[in-house]
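Hello,

Here is the structure we talked about. Please open it alongside this note, and then read on for what turned up.

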Amino acid sequence: MANRGPSYGLSREVQEKIEQKYDPELEARLVDWIIAQCGGNVERPQPGKHNFQGWLMDGTLLCRLINSLYPRGKEPIKKIPETQMAFRQMEKISQFLKAAEAYGVITTDIFQTVDLWEGKDMAAVQRTLMALGSFAITKDDGYYRGDRDWFHRKAQGHRREFSEEQLRQGQSLISLQMGSNRGASQSGMTGYGMPRQIM
């Protein structure tokens, strides 16, 4: 954790708005999923944002979580060292973020390392874990463990196939959304900044 003093003014207002986005009920659901996904030997943290942050902060649990979504031998993070060195822990968090993006979580749903490490935006951490859980359910490859109602299934593409005849018919129709320019002309229009000529 960073050694920072209190924030004042606009910085304080922004930080308070960020902190309001944190959801304690979602925290409980994510803790349940991480414990179910990683196995029974994971210790449950006490409820609360700071306890949740401390539980995930060293990066080990996050690395175990992403590895559990892959088949044995194909895990994205090969070595998860137990360490107390801050830069190594932040490195594990970064490895998790890269692996989550490779798994399918979009970049806008991925938190920054400092969001977790310094506790700046724990709601962003929750969003990333929610997106990861949703992708795990959507993939439906048998590696998701936990209640399927905890996350929403991501929408899948629905390709439509049209015959050549249907495509030709669509080209001959003028959509009502396009409007009409019947009766429109540019007579009487002048260029920008030009004086208007009255006759």
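Start with helix H4, where seven of the eight residues are buried, so by the under 20% cut-off the helix is mostly covered. The buried residues of H4 are Thr60, Leu61, Leu62, Cys63, Leu65, Ile66 and Asn67. They pack against five helices: H2 (24-38), H3 (49-56), H5, H6 (113-117) and H7 (122-139).

One caution before the rest. This is a predicted model.

**Overall build**

The chain has eight helices and zero strands. Along the sequence the pattern reads α-α-α-α-α-α-α-α. Of the 199 residues, 33% are buried. Take the contacts with a separation of 6 or more: 55% of them join residues 24 or more positions apart.

Glu75 sits in the loop between helix H4 (60-67) and helix H5 (86-103). Which side chain of opposite charge is nearest to Glu75? It is Arg72, 4.5 Å away. A salt bridge needs the atoms within 4 Å, so Glu75 has none, although Glu75 is buried. A polar atom of the Glu75 side chain does lie 3.0 Å from the backbone nitrogen of Gly73. Beyond its neighbours within four places in sequence, Glu75 is in contact with Asn67 and Tyr70. Asn67 is one of the buried residues of H4.

**Aromatic pairs**

The whole structure holds four aromatic pairs. Two are worth a look.

Trp33 and Tyr144 are stacked, at 6.2 Å centre to centre and 20° between the planes. Trp33 is in helix H2, while Tyr144 is in the loop between H7 and helix H8 (164-172), so the pair ties together parts 111 residues apart in sequence. Trp33 is buried, with a relative accessible area of 0%. Tyr144 is buried too, at 9%.

Tyr70 and Tyr103 are edge-to-face, at 5.6 Å centre to centre and 70° between the planes. Tyr70 is in the loop between H4 and H5 and Tyr103 is in helix H5, so this pair ties together parts 33 residues apart in sequence. Tyr103 is buried at 3% relative accessibility.

**Gln37**

A polar atom of its side chain lies 2.8 Å from the backbone oxygen of Tyr143. Setting aside residues up to four places away in sequence, Gln37 touches Leu65, Ser68, Leu69, Tyr143, Tyr144 and Arg145. Among them, Leu65 is a buried residue of H4, and Tyr144 is the stacking partner of Trp33.

**Salt bridges**

How many salt bridges does a search of the whole structure find? Three.

- Arg44 and Asp32 meet at 2.8 Å, N to O. Arg44 is in the loop between H2 and H3 and Asp32 is in helix H2, so the pair ties together parts twelve residues apart in sequence. Both are partly exposed: Arg44 at 48% and Asp32 at 27%.
- Arg88 and Glu91 meet at 3.4 Å, N to O. They are three residues apart in helix H5, so about one helical turn separates them. Arg88 is partly exposed at 34%, and Glu91 is partly exposed at 39%.
- Lys120 and Glu118 meet at 4.0 Å, N to O. Lys120 is partly exposed at 33%, and so is Glu118, at 24%.

**Helix H3**

Two residues here. His50 lies in helix H3 and is exposed, with a relative accessible area of 59%.

Asn51 is partly exposed, with a relative accessible area of 35%. Not counting residues up to four places away in sequence, Asn51 touches Pro45 and Gln46. The Gln46 backbone oxygen lies 3.4 Å from a polar atom of the Asn51 side chain.

Best wishes

Terms used
Residues are numbered from 1 along each chain as its sequence is written. This is a predicted model: local features need pLDDT of at least 70, side-chain atom pairs count only at pLDDT 80 or more; totals for chains, interfaces and linings use all residues. Side-chain values use heavy atoms; hydrogens and water are left out. Helices (H or I, at least four residues) and strands (E, at least two) are DSSP runs, numbered from the N terminus. Buried means under 20% relative accessible area, exposed over 50%, partly exposed in between (1.4 Å probe, protein chains only). Lys and Arg count as positive and Asp and Glu as negative; His and the chain ends are not counted. A polar contact is a pair of N or O atoms within 3.5 Å; within protein, one must be able to donate a hydrogen and the other to accept it, and residues adjacent in sequence count only if both atoms are side-chain atoms. Contact means heavy atoms within 4.5 Å. Rings of Phe, Tyr and Trp (its six-membered ring) pair if their centres lie within 6.5 Å; planes under 30 degrees apart count as stacked, over 60 as edge-to-face and the rest as tilted.
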